[in-house]
Amino acid sequence: MRLLLIDRDHTELSGIRWFLHTYFPGDLSIEMCTTISEAAQSIQRFTPEVILLNIDLLPSNRLTALYGLLQKYAGKILAITTEPLFKNALKAIDLQVAHLFVKPIDLEVLKQKLSTISLHTPALQKASNEAKDESFYYQLFLESTTNSAAEIQFTMFEPEHAESLNKLYIWLQQTPIFYQTSIYPLADTIICLFQTSDLKIIEKDIRTLLKEWQITNSGGLNISIYDGPPTTLKEMFAITKRALLQSFYEGFGHIFYATKQYQTQSLDPLLTPEEQQLLIKSLEEGNVEAVKAFLYRLSNGGIYYEQDDLRIHLTSVLAQIRRFMLKYKLHEKAAIEQNYRQLFHLIIEHPILYTILNGIILFTQRLIDLAREARIEKKADYVELALEIIDHHYHNSELSLPFIAHKLGISPNYLSTIFSKKQGQPLKRYLQQVRIQSSSKMLIETDFAVSEIALLNGFEDPNYFSKLFKRLIGTTPNRYRKGWKI
């Protein structure tokens, strides 16, 4: 872009030029002049695409040579005035300036105005035409033996929010930083091809663009650069797109290089029984720090898991959280149920792992608080809690109806009544069935003595165990074992 600065104050112009060169490196060419005669000559010789003019320099006489040149000028004019007088405003309207600044100039506003000016240069027109060239997309997705990408720098841009893709595409077409760049939109990313193979030439431009996008937009931006050996467009596209997957761990606001990708390792997507018990125990005890530690182990620095495995693993975590909700009837609260479903979609769809983990932690914190209130108000599902205690402690010979009722903080008669009503049998009979079922499994799978199996499953008296086993199973423990081993 060619920019002409016109003002009496040479020092101020030098400061503006330094500022613009800092934020608009590359193809930005700036000339300065401090007199009317110099300005007229520069417009004819330099043919600027944008003029930043101190409108106080213009005489009121519209017949002067400079006034005539500016009225015929086809580019954009940005005007400056020392005093916001009516006569200076009329001059600005007459010249159809894009913006009138009052000194001192707000350099941030100047930068934004220059960023949004559509240059309509041959280079940009060429980029627009190339974007419509179907041959590029053929080379991008189909096999090609032609190595036609040796003299370009392949980059990909991904906005944090998918709805910003069109805005990003238009912005890239208009920004003067990408004066020699071809721009190709895809479904969720944008490819920019710099017409050079020298990576150092464009790195500064890319960092500047990343910074400008973060300042002027609500969402972040990630840029991926192919910095490997020359190859086909299809190969560069596959490798560069893979580098963008690092945003799942790193978030947005980064530049990723194709040759510096992390190595992923597999993760068992399902929770082990020990992990399930640890998570449930942490929830029951209201230990949010333990939940955090359980989740943050998935994002330890230097260890990266496959994204699909992680998402499935986190849905397994959510299944245990659901179990906790059911115990305390929290699913009956409409807002909580809605939040649960939103959390499920967050795990499946959100592009950043850290946001997903924080979402789970905040939700579990809320559930823990509500469960604590439910215990106080005695609204918990005590039958579900009793079943869990039995499942985990049936081998304890002291486990009984009074023992469980005391642990839950309710009377034995109340627990007996609600348990029989919900399960269709007394708690004592259910406990016996659980113990006998575990014992029958051990009789088949181990060589332990019958008396030892009885003790391991909560029976202090082996004779009572044998009588109960025969009554429920129909045969003695020894005959049951022999029958399976025939």
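Q: Where is T47 found?
A: T47 sits in the loop between α2 (36-46) and β3 (50-54). Keep in mind that this is a predicted model.

Q: What about phi of T47?
A: Phi is positive at T47, about 45°, although T47 is not a glycine.

Q: How accessible is T47?
A: T47 has 41% relative accessibility. Buried stops under 20% and exposed starts over 50%, so T47 counts as partly exposed.

Q: And K329, what is phi there?
A: Phi of K329 is near 55°. That is a positive value in a residue other than glycine. K329 lies in the loop between α14 (307-327) and α15 (334-349). With a relative accessible area of 36%, K329 is partly exposed.

Q: Switching to the backbone. Is the peptide bond from K103 to P104 cis or trans?
A: Cis, with omega near 0°. P104 is in the loop between β5 (99-102) and α5 (107-116).

Q: Now aromatics. How many aromatic pairs?
A: The count comes to 16 aromatic pairs. One of them is Y249 with Y262. Their ring centres are 5.7 Å apart and the planes stand at 85°. Over 60 degrees counts as edge-to-face, so that is what this pair is.

Q: Where do Y249 and Y262 sit in the chain?
A: Y249 is in helix α11 (residues 247-250). Y262 is in the loop between β10 (255-257) and β11 (264-265). They are 13 residues apart.

Q: Is Y249 buried or exposed? 
A: Y249 is buried, at 14% relative accessibility. Y262 is buried too, at 19%.

Q: What about F469 and Y480?
A: That pair is edge-to-face, 5.4 Å centre to centre with 75° between the planes. F469 lies in helix α22 (residues 462-473) and Y480 in helix α23 (residues 477-485), so the pair ties together parts 11 residues apart in sequence. Both residues are buried.

Q: Zooming out. How many helices and strands?
A: The protein has 23 helices and 12 strands.

Q: Compact or spread out?
A: Spread out, compared with a compact globule. The radius of gyration is 37 Å, well over the 23 Å that the globule rule gives for 486 residues. The C-alpha atoms fill a box of roughly 120 × 60 × 35 Å along the principal axes.

Q: How much is buried?
A: Buried residues make up 45% of the 486.

Methods: Residues are numbered from 1 along each chain as its sequence is written. This is a predicted model: local features need pLDDT of at least 70, side-chain atom pairs count only at pLDDT 80 or more; totals for chains, interfaces and linings use all residues. Side-chain values use heavy atoms; hydrogens and water are left out. Helices (H or I, at least four residues) and strands (E, at least two) are DSSP runs, numbered from the N terminus. The radius of gyration is taken over C-alpha atoms; the globule rule is 2.2 Å times the number of residues to the power 0.38. Buried means under 20% relative accessible area, exposed over 50%, partly exposed in between (1.4 Å probe, protein chains only). Rings of Phe, Tyr and Trp (its six-membered ring) pair if their centres lie within 6.5 Å; planes under 30 degrees apart count as stacked, over 60 as edge-to-face and the rest as tilted.
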